[in-house]
Amino acid sequence: MPGVTAPTDDHEFAAWLAEQAGARLLEVRATSGLEGRELKDAGDAAAQALLAELLGIHRPHDAVLSEESAETHGDSGRLTASRVWIIDPLDGTREFSEPPRDDWAVHVALWSAGSLVAGAVAQPALGETFHTGRPPVVPGLGAGSHRAGLPPRIAVSRSRPPAFVTALADSLGAELVPMGSAGVKMMSVVRDVADGYVHAGGQYEWDSAAPVAVAAAAGLHTSRVDGSALVYNRADPYLPDVVVCRPELAGPILEFIERHGIE
Ligand SMILES: Nc1ncnc2c1ncn2[C@@H]1O[C@H](COP(=O)(O)O)[C@@H](OP(=O)(O)O)[C@H]1O
Ligand SMILES: [Mg+2]
């Protein structure tokens, strides 16, 4: 909280920030008495206000790109800044407004000199925070026999699954695992609840920056659907597609998309 000692290390600071906002969101959900649209708006606003305040106090010289701060979506100094916090104060807003669902998250990433250099994803209702300071250990990573004989699991949007992902799953003999929040879906691969997350058709840098930083630190594949690198802190923060998966699935997923496209 304001006035409390914050970690100096950027990885630990990202995790601390995400946890502070997560605690505030749990409080809003439990005590506001709001529902639906009003609960979504109250959550977005409370998490944004706290993160903006804490970043202003503890990292006053850094720039910010936040979903909930429209003035940061243009330049606002971030395009020439050496350090930019890319944050989504509440990812999976829809699921946040449907208690007791736990598939919503707080995303905090730090971009510097062209790369993501730290990131944290808090899943407050799960009591978990994943971060680059202590990269998560993905069960069975590098083991050829991981879930041998079982179908791969592809995490997909619960409310707007892209049609091509169904065709992809059929082709891979995979099953779809619907859930909310881009960060939760990427962390589901880290947690071995799913083996991959494939999305196209719309998203912004704040939806993927922090979870991609964590997933990459954990040794997972991260890219655009054409296999190219995810690039952050661009003038236009629209970043419509992403693939995060266990390394052994990257070839089959990217080959399917190259052959069949994303329509
Ligand atoms: N087609 C699209 N266009 C823009 N944003 C999208 C999108 N599909 C998903 N998103 C964003 O990605 C996040 C996860 O969505 P989903 O749960 O459907 O997978 C949501 O973030 P927010 O909850 O922060 O708005 C949502 O707004
Ligand atoms: Mg989001």
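In this predicted model, Asn233 counts as buried, because 22 C-beta neighbours lie inside 10 Å and the cut-off for burial is 20 or more. The residue lies in the loop between β9 and β10 (242–245). Its backbone deserves a look as well: Asn233 is not a glycine, yet its phi is positive, at about 55°. Asp192 also has a positive phi, near 65°, and is likewise a residue other than glycine. Asp192 sits in the loop between α5 (182–190) and β8 (196–199). Here the surroundings give another class, since 17 C-beta neighbours inside 10 Å make Asp192 partly exposed. For context, most residues other than glycine have a negative phi, and most peptide bonds are trans. An entry for the peptide bonds comes from Pro99 and Pro100, which are joined by a cis bond with omega at about 5°. Pro100 belongs to the loop between α3 (93–96) and β3 (105–112).

Turning to the overall fold, the protein is built with seven helices and ten strands. Its radius of gyration is 18 Å, close to the 18 Å that the globule rule gives for 263 residues, so the protein is as compact as a globular protein of that length. Along the principal axes, the C-alpha atoms fill a box of roughly 55 × 40 × 35 Å. Of the 263 residues, 46% are buried. Among contacts with a separation of 6 or more, 63% are accounted for by residues 24 or more positions apart.

Two helix pairs can be described in some detail. Helix α1 (residues 10–31) packs with helix α2 (residues 36–58) at an angle of about 145°, and their axes are 9 Å apart. The crossing of this pair, α1 and α2, is right-handed. On the α1 side, the contact uses Phe13, Leu17, Gln20, Ala21, Arg24, Leu25 and Val28. These meet Ala42, Gly43, Ala46, Ala47, Leu50, Leu51, Leu54 and His58 in α2. By class, the residues of this contact are eleven nonpolar, three polar and one charged.

Helix α4 (residues 163–172) and helix α7 (residues 247–260) form the other pair, with an angle of about 125° and axes 10 Å apart. That angle makes α4 oblique to α7. The crossing of α4 and α7 is right-handed. Phe164, Ala167, Leu168, Ser171 and Leu172 of α4 make the contact with Pro252, Ile253, Phe256 and His260 of α7. The residues in the contact of α4 with α7 comprise seven nonpolar, two polar and no charged.

Val156 is placed in strand β6 (residues 153–157) and counts as buried because it has 22 C-beta neighbours inside 10 Å. Leaving aside neighbours within four places in sequence, Val156 is in contact with Pro161, Val165, Leu176, Val177 and Pro178.

Leu220 is found in the loop between α6 (205–217) and β9 (221–223). Ile257 is 37 residues from Leu220 along the chain, and the C-alpha atoms of the two are separated by 19 Å.

Conventions: Residues numbered from 1 in each chain as written. Chains lettered and ligands numbered in written order. Predicted model: local features only at pLDDT ≥ 70, side-chain atom pairs only at ≥ 80, totals over all residues. Axes fitted to C-alpha atoms, helices over the stretch in contact; angles between N-to-C directions. Helix = DSSP H or I, 4+ residues; strand = E, 2+ residues; numbered from the N terminus. Left-handed = near helix turned anticlockwise from the far one by under 90°. Contact = placed C-beta atoms within 7 Å. Nonpolar A, V, L, I, M, F, W, Y, C, P; charged D, E, K, R; others polar. Rg over C-alpha atoms; globule rule 2.2 N^0.38 Å. Buried ≥ 20, exposed ≤ 12 C-beta atoms within 10 Å, placed from the backbone. Parallel < 35°, antiparallel > 145°, perpendicular 65-115°, else oblique.
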